[in-house]
Amino acid sequence: MCIAWIDYQKPFDRVPHSWVIKSLELIGINNKVTSFTKRVMSYWRTCMHLRTENKLIETEDMNTKCGTFQADSLSPLLFCICLIPITEQVKRLKTGYEEHTTKTKISHLFYVDDLNAIAKSEEEHQKQIQTIKTFSDDIHMQFGLGKCAKIAFKRGKLVHSQNLVIDIN
């Protein structure tokens with residue numbers, strides 16, 4: 001069994017608004033909800049403040065085209081919805097570790113922006129990681145490689161553990 005812990009780097013800051021809308025459409029959210037979300041996001045603004053010894057410098061409001069607000073109750077839900085298509089891609093690989101007593105196959109687990117990829121072999125595991133990496137790159141989500149790791153067991157014994165290394169070709 002192999003497990004990878006994948007951490008996304010600044011996930012709430014990076015998800016493009018276009019991907020939020022596309023994800024809502026892909027999973028079949030009602031068109032009225034999708035239109036409302038698109039309209040609300042068009043009003044999202046941010047500005048920057050710089051405090052010096054003598055004064056406060058503030059930029060004009062700027063439109064945002066990516067990111068969700070962390071203090072907003074809708075944003076975590078939108079972010080999680082954006083990751084559902086990654087779940088579907090991993091499921092299509094038909095990889096994972098089968099628990100022997102219940103015959104349940106587990107390929108991955110998400111907890112908000114933390115992803116665990118689980119496979120029965122290192123070959124399957126590499127396929128999962130590459131699929132997740134390719135998909136994540138496509139939606140402009142980057143791994144926080146400093147917080148990523150993987151581990152492999154064979155017959156209940158630790159074979160190896162290491163930081164997650166991505167082969168960039």
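This is a predicted model: local features need pLDDT of at least 70, side-chain atom pairs count only at pLDDT 80 or more; totals for chains, interfaces and linings use all residues.
Residues are numbered from 1 along each chain as its sequence is written, and side-chain values use heavy atoms, with hydrogens and water left out. Local features need pLDDT of at least 70 and side-chain atom pairs count only at pLDDT 80 or more, whereas totals for chains, interfaces and linings use all residues.

The structure holds two aromatic pairs, a pair being rings of Phe, Tyr and Trp (its six-membered ring) with centres within 6.5 Å, called stacked for planes under 30 degrees apart, edge-to-face over 60 and tilted for the rest. The rings of Y8 and F143 have centres 5.7 Å apart and planes at 70°, and the pair is therefore edge-to-face. This pair links distant parts of the chain, as Y8 is in strand β1 (residues 2–9) and F143, 135 residues apart from it, is in strand β10; helices (H or I, at least four residues) and strands (E, at least two) are DSSP runs numbered from the N terminus. Both Y8 and F143 are buried, that is, under 20% relative accessible area, with exposed meaning over 50% and partly exposed in between (1.4 Å probe, protein chains only). The second pair, W19 and F135, is also edge-to-face, at 5.7 Å centre to centre and 75° between the planes. Because W19 lies in helix α2 (residues 17–26) and F135 in helix α5, this pair ties together parts that are 116 residues apart in sequence.

The charged end of K133 sits over the ring of F143, 5.4 Å from its centre, under the criterion that NZ of Lys or CZ of Arg is within 6 Å of the ring centre and within 35 degrees of the ring normal.

Most residues other than glycine have a negative phi. K94, however, has a positive phi near 55°; this residue is found in the loop between α4 (75–92) and β6 (97–98) and, at 65% relative accessibility, counts as exposed. H140, likewise not a glycine, has a positive phi of about 65° and is found in the loop between α5 (122–138) and β10 (142–143), where at 53% relative accessibility H140 counts as exposed.

Pockets were located on a 1 Å grid over the protein atoms alone, as open sets of points where a 1.4 Å probe fits, with protein on both sides within 12 Å along at least five of seven lines, and lining residues have an atom within 4 Å of a point. The residues that line the largest pocket include Y97, K120, E122 and R155, and strand β11 (residues 149–154) gives the largest share of this lining, three residues.
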